[in-house]
Amino acid sequence: MKRRQLLAAGCACCASVIAGRAWGQAAPDYLAPQRFQRPDLTTDEGGLWAMMDREEKALRRSPLVLRDAKLTTYVQDLACRLGAGHCPDIRIFLVRTPQFNASMAPNGMLQIWTGLLLRMENEAQLAAVIGHEIGHYLQRHSVERLRDIKSRAAAGQVLALFGLAGAIGQLAVLAGSFAYSRDHEHEADRIGAYLMHRAGYPVAESAAVWSNLLDEARAREGEEPSQSSPLFATHPVPPERRDNLAQLAKLMPGGSDGKDRYAEHTVHLLDEWLQDEIKRGQYAESLVLLSRRIAAGSAPDLMRYYRGEVHRLRGMTGDHDLAWNDYQAAAAGAVPPPPAFRGIGLVARQRGQKDEARHAFARYLDLAPDAPDAALIQSYITELSS
Amino acid sequence: MKNLLILALAMLLAACGTVRKVESGANLVGERMSIKVDGNWNHLDFPGIKPAQIWTMEGVTIDELLVYSGIRDGQIMHPDSPASEKRKDFVFRKTMQTEEIVSMLEGVLSRDGSTFKLRKLEPYPFGGRKGFRFEYERVRKIDNVQMRGVGFGAIDKEELFALVYQAPRLTFFPRHQSRIETIAKAVSIK
């Protein structure tokens, strides 16, 4: 009997490998399950839903949720196109947090953080992320993960009784949990690719999301992404993920990226998101992001101003010159951000260029008389005039 | 066995941090900054908060006064983990201008995902030096509480001295703001 069980397990394992390869060789197809019914509260899944319902209730009142009806409706519509029959169950929350993150709870609450929205270059990239999260939702991964954690926690408690050997065993259990999570990520990637393709987006943009993130992570001095971010402990390593998605893109060609539509719905929020971004103090990552956006020609004056800010705040050798160049370019642009003139003034003041500093500060106060730092800047003008 | 339990408990408490009363009157913080307080202040010490001290009246989840005294060039602000210490997320530099110091403090106060909105930044004599004062609003990520804050600072002999106070914008901040302004006015730097 035991031999039969082993054989059956082996076959199941092979089947999953074959299925995995099939995704890699032919255009994927996916049959989504029917809409989910609310599970019984006495089950583990019901408990998880109830917990997420409480979380959602708190989130609805949170001042961190963006109250931008235009953008929220836009993202909700996008999620509906991807989720198709599950659309009525998906509820979007855009949360003001500068990190890259999105998550979908089993009850249909989909959170997207503004750090992620800032990094999206077009609608297709956002569709890739939402499609991925819907993939988790449709496969009920969070319930599977809850059950996995519970069983591993029980195993870990038993292993803890066995001293050092037990501790090593606990580590193995933890590593197994990460591997399990990575399998879910692969599956969600494949489903997400299928959903975005079906909705008319180019799948190659999903690979671009990870490629861009990888560039930022690598910008951190001397660190590989797998060491620098906890995200990559539970998620497949980006190069692997990017390559898998690029492979899927070849199988599902075509689509339109919706770059202009995305820009139209987000441009008015970029300033706030960029302010939050530079407060992270991750200057190397921010420089990669901003340089990419400048090269792509999106809101170039604003991006140049913020790249100048990053250089000025980092303050390494040569940074003030780089900041100066960006401030000047931003100030000479079609839509110069008023603080670009303050930036010119601050750098000029440090260089001892009094007249230039005074004129730039005066221009800043002309354009932004109610700026929070107006009193300080006015004191600089007085000091420079004396 | 009992001794082992006591030792384990002591180690646990040491890891969590310590609390001690701040005496009314003048308190020397570091080597050069003297702060005169009245009322029931407590000083908390726990990992990740250095080089600041945290003082509180209502309890640290409600209000906190961050005290920075004699921060030197190159010193890392609040390294919350060995990784962030290595990355040097927020470092004080002696050449920093006022805006850069305030940006650094903004970064420190929003590193947990909280939002920070600067409301006012103005010149202010602090500790008898040419310094600055700023006001801000913050939404604390962990519990969505809307806070208000006020900060004061100056650089003297290439070292940073600063006070930053924050509390929920309703009730607690208005209750203590004038007390904080009085404390800031009375700060002296040797």
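Is Cys80(A) buried or exposed? Cys80(A) is buried, because its relative accessible area is 18% and the cut-off for buried is under 20%. The model described here is predicted.

## Overall make-up

Chain A has 386 residues, and 49% of them are buried. Its secondary structure consists of 19 helices and three strands. Of the contacts in chain A between residues at least 6 apart in sequence, 64% join residues at least 24 apart.

## The disulfide

One disulfide is found over all chains of the structure. Its partners are Cys80(A) and Cys87(A), with an S to S distance of 2.0 Å. A disulfide is a covalent bond between the sulfur atoms of two cysteines. The torsion about the S-S bond of Cys80(A) and Cys87(A) is about 60°, and the disulfide is therefore right-handed.

Asp89(A) sits in the loop that runs between helix H3 (69-83) and strand S1 (91-95) of chain A. Asp89(A) counts as buried because its relative accessibility is 12%.

The side chain of Asp89(A) forms a polar contact with the side chain of Arg35(A), at 2.9 Å. Apart from residues up to four places away in sequence, Asp89(A) touches Arg35(A), Phe36(A), Asn107(A), Gly108(A) and Tyr137(A).

Helix H5 of chain A covers residues 123-138 and contains His132(A). With a relative accessible area of 8%, His132(A) is buried. Its side chain makes a polar contact of 2.8 Å with the side chain of Asp189(A). Beyond its neighbours within four places in sequence, His132(A) is in contact with Glu185(A), Ala188(A), Asp189(A), Gly192(A) and Arg241(A).

H5(A) also meets helix H8 (residues 204-219) of chain A: the two axes come within 8 Å and cross at roughly 85°. Because of this angle, H5(A) and H8(A) count as roughly perpendicular to each other. On the H5(A) side, the residues in contact are Ala124(A), Gln125(A), Ala128(A) and Val129(A); on the H8(A) side, they are Glu205(A), Ser206(A), Ala208(A), Val209(A) and Asn212(A). By class, this contact has five nonpolar, three polar and one charged residues. An α-helix has 3.6 residues a turn, so residues three or four places apart point the same way.

## Helix H13(A)

Which residues of H13(A) are buried? They are Leu270(A), Trp273(A), Leu274(A), Asp276(A), Glu277(A), Ile278(A) and Lys279(A). The helix, residues 270-279 of chain A, is mostly covered, with seven of its 10 residues buried. Just after H13(A), Gly281(A) has a positive phi of about 75°.

## Arg304(A) in helix H15(A)

Arg304(A) belongs to helix H15 (residues 300-314) of chain A. Arg304(A) is partly exposed, because its relative accessible area is 27%.

Leaving out neighbours within four places in sequence, the residues in contact with Arg304(A) are Ile294(A), Asp326(A), Ala329(A) and Ala330(A). The C-alpha atoms of Arg304(A) and Gln328(A) are 9.0 Å apart, although 24 residues separate these two positions along the chain.

Notes: Residues numbered from 1 in each chain as written. Chains lettered and ligands numbered in written order. Predicted model: local features only at pLDDT ≥ 70, side-chain atom pairs only at ≥ 80, totals over all residues. Heavy atoms only, no water. Helix = DSSP H or I, 4+ residues; strand = E, 2+ residues; numbered from the N terminus. Buried < 20%, exposed > 50% of the residue type's maximum accessible area, 1.4 Å probe, protein only. Polar contact = N/O pair within 3.5 Å; in protein donor to acceptor, adjacent residues only side chain to side chain. Contact = heavy atoms within 4.5 Å. Disulfide = S-S within 2.5 Å. Axes fitted to C-alpha atoms, helices over the stretch in contact; angles between N-to-C directions. Parallel < 35°, antiparallel > 145°, perpendicular 65-115°, else oblique. Nonpolar A, V, L, I, M, F, W, Y, C, P; charged D, E, K, R; others polar.
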